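Reader: I am new to this and would like to learn how to read a structure. Could you walk me through it?

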Amino acid sequence: MTFAHHRHAAHCESGVASNLISHHGVPISEAMAFGLSAALSFAYLPFIKLSGLPLIAYRQPPRAIIKGLAKALAAKFRFETFRTPAAGQARLDELLAQGHVVGLQTSVYWLPYFPEDMRFHFNAHNLLVYGKEGNDYLISDPVSEETVRCDAAALSRARFAKGVLAPKGLLYTVEKLGQSAISPQAVRNAILKTCRTMRAPLPIVGVRGIRMLANKVARLDPVAHETSLFVGHIVRMQEEIGTGGAGFRFLYAAFLQEAADLTAMPALAEFAERLMDIGDDWRAFALATARMVKKRDAMNPEKLAGMLRNLAGKEDAFFKELKAVVS
Amino acid sequence: MDLQNVPQEGNKTLGGHKKAVYARDAGGHIVAVASRGWEVEEIVTSQALEQLQALTEAARQKVLSGLSSPLEYWMYARRMDLPLLAQTTGIWRWRIRRHFRPKIFARLSPGVLARYAEALGLTIKEMQRLP
């Protein structure tokens, strides 16, 4: 049994959403799924801790992509959570027997096909199940190049992991798609929403969130071990956990390029180019940080904070001008 | 980032997997490319892993010198911390901290042991000693 719409993706949720919707007959790229749901963001949440480090996200919270796409495509998704693993598995088997392709939220840690070094307790990983053979589920995990298999016990454990963002066995299916094509107006609305988010008048979100993080970094003690862990953590959230590079900026640039054709607004292609350059600056920040973590360069929080402030300034201007062009 | 600049550095943390990143091809189109990793990612992932390994090793030494119970070792060995183990088992943090004391751990009821073992993905026997 194979799944024709498995495509390797940068990010789990945009990958799952684009593969699932393509399976239902509306071909949509990962970048379009990501942009159309206005998933790009920045958030620095010092009060939510994961292994003692603050939550730093370069995108909207989990499920925002699926919900945003549902809205943009007038689609209906059905979400179900379960009290017990047994009920969750029974329902999954029932849906598969009816021929559905089912989306799941899982923990990364308990998925045996993940590389050992990448298995952390992160609970908002998305994947698709397209079949079952014996005791194995057939899985299209978009961050994996090929489709994979996972035994029932491990998958059940991954679906019912506890902690921050506990999935509670969440599964979802597409009930119907209201539109068979992406409308230019939906694309414009999504871009405007992202511009609003990035320049929101909240201290922890968007450009202001980047500045607040910069201020926090500037105050770190250059000699403390915790400083190295903190700045290393920023780079992990930006590069390592499936963002397509530069904290989703390259992925969003790909969306803007596609949107330029779809909306017949060639100016968007120039914004895509510009965002690629901003993404390169994020990569430079990651490189400078990693060199300090590895002690190839002296730890210099002030310098890293300066790079973040510079990025905040560039993104502020970028989204301000993007908004002016689209509205 | 252009296609020829996409790092292919063979990160050991990827365990042979490839990840998709987005870059510009020769025609200026931004496309997904499979990358074998960037050293920057390997450095920060290794850093997080080493931190977890250091906590695990410190707990192991404490268990060996009789200052803590194997429960603390297994918590870190499973890449968890106290808040996560508390959420997973539904046992309050202060009670778990108490169960880190070897004498108290040795007297735990089978029911409580089973909750820990389930959360850690171990049998009770495995959990009661170091590997």
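This is a predicted model: local features need pLDDT of at least 70, side-chain atom pairs count only at pLDDT 80 or more; totals for chains, interfaces and linings use all residues.

Reader: Where does A:Ala75 lie in chain A?

Author: A:Ala75 is in the loop between α3 (64-72) and β3 (76-80). A:Ala75 counts as partly exposed because 19 C-beta neighbours are inside 10 Å, and a residue needs 20 or more to be buried.

Reader: Now the strands. In which sense do β5 and β6 of chain A pair?

Author: A general idea to begin: in a regular strand, side chains alternate between the two faces of the sheet. Here, β5 (residues 125-133) and β6 (residues 136-140) of chain A pair in the antiparallel sense, over 5 bridges. A:Leu128 has A:Ser140 in β6(A) as its bridge partner. The hairpin of these strands has 2 residues between them, and A:Gly134 takes a positive phi near 60° there. β6(A) also pairs with β7 (residues 148-151) of chain A in the antiparallel sense, over 4 bridges, with A:Tyr137 opposite A:Cys150 in β7(A).

Reader: How many residues does each chain bring to the contact between chain A and chain B?

Author: In general, the size of an interface is often given as the accessible area lost when the parts come together. Counted in residues, this contact takes 43 from chain A and 32 from chain B. On the side of chain B, the largest share, 9 residues, comes from α1(B). That side divides into 17 nonpolar, 9 polar and 6 charged residues.

Terms used:
Residues are numbered from 1 along each chain as its sequence is written. Chains are lettered from A and ligands numbered from 1 in the order in which they are written. A residue is buried if 20 or more other C-beta atoms lie within 10 Å of its own, exposed if 12 or fewer, and partly exposed in between; C-beta atoms are placed from the backbone. Two strands pair if DSSP finds at least two bridges between them. Two residues are in contact if their C-beta atoms, placed from the backbone, lie within 7 Å. Ala, Val, Leu, Ile, Met, Phe, Trp, Tyr, Cys and Pro count as nonpolar, Asp, Glu, Lys and Arg as charged, and the others, Gly among them, as polar.
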